[in-house]
Amino acid sequence: MEVRIVRHCHASIMVPLLALLLMGCHREVVHAPAAIVDRIELRTPLPEALLSSPLTVEGKARGPWFFEASFPVYLLDAKGDTIAATPAHAIGEWMTTEFVPFKATLSFSLPASKTGTLILSKDNPSGLPEHAAELRVPVRFQ
């Protein structure tokens, strides 16, 4: 079981992999609980959880993960097609650097595939790749 976290890099950076690792522009693999260390932590569902609709997504994220007190949450099937999307909302004051609890509820029809991915995306109103981040969590469907 693994959770993939994608950190985006500037497309024109052409340096050896070692330099990328030192710069922090790489893919990390973290094991449960699902988290990007010191940025976002998913409390529920856990990686490889068996999901049904409606799905409650809960955890905590640092204030900068939010914009206007929310960030996008997506549920994908095994092909990568979006089967549900909704904003996760901060529970409490989000204009802080501290952790803020969040909650989202996704309603969806069960896909044909037995597996999928839950994505919690850092809200990035600038659209700049250096401000993008996401937590990807593998899930299963009932």
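The legends below describe close-up views of a predicted model.

**View 1. The largest nonpolar core.** This core contains 30 residues. Phe 102, Leu 118 and Leu 120 have the most contacts inside it. At least two core residues come from each of the strands S4 (40-44), S6 (55-62), S7 (70-77), S8 (82-90), S9 (99-106), S10 (115-121) and S11 (133-141). S11 supplies the largest share, five residues.

**View 2. The cis peptide bond between Thr 44 and Pro 45.** Omega of this bond is about 0°. Pro 45 is in the loop that runs between S4 and strand S5 (50-51).

**View 3. Glu 48 in the loop between S4 and S5.** This loop also holds Pro 45. Glu 48 has a positive phi, near 70°, and is not a glycine. Its relative accessibility is 30%, so Glu 48 counts as partly exposed.

**View 4. The cis peptide bond between Ser 53 and Pro 54.** Here omega is about -5°. Pro 54 belongs to the loop between S5 and S6. Most peptide bonds are trans.

**View 5. Glu 68 in the loop between S6 and S7.** Glu 68 is located in this loop and has a phi near 55°, a positive value in a residue other than glycine. A negative phi is found in most residues other than glycine. Glu 68 is exposed because its relative accessible area, 57%, is over 50%.

Methods. Residues are numbered from 1 along each chain as its sequence is written. This is a predicted model: local features need pLDDT of at least 70, side-chain atom pairs count only at pLDDT 80 or more; totals for chains, interfaces and linings use all residues. Side-chain values use heavy atoms; hydrogens and water are left out. A nonpolar core is a set of buried Ala, Val, Leu, Ile, Met, Phe, Trp, Tyr and Cys residues joined through side-chain atoms within 4.5 Å. Buried means under 20% relative accessible area, exposed over 50%, partly exposed in between (1.4 Å probe, protein chains only). Helices (H or I, at least four residues) and strands (E, at least two) are DSSP runs, numbered from the N terminus.
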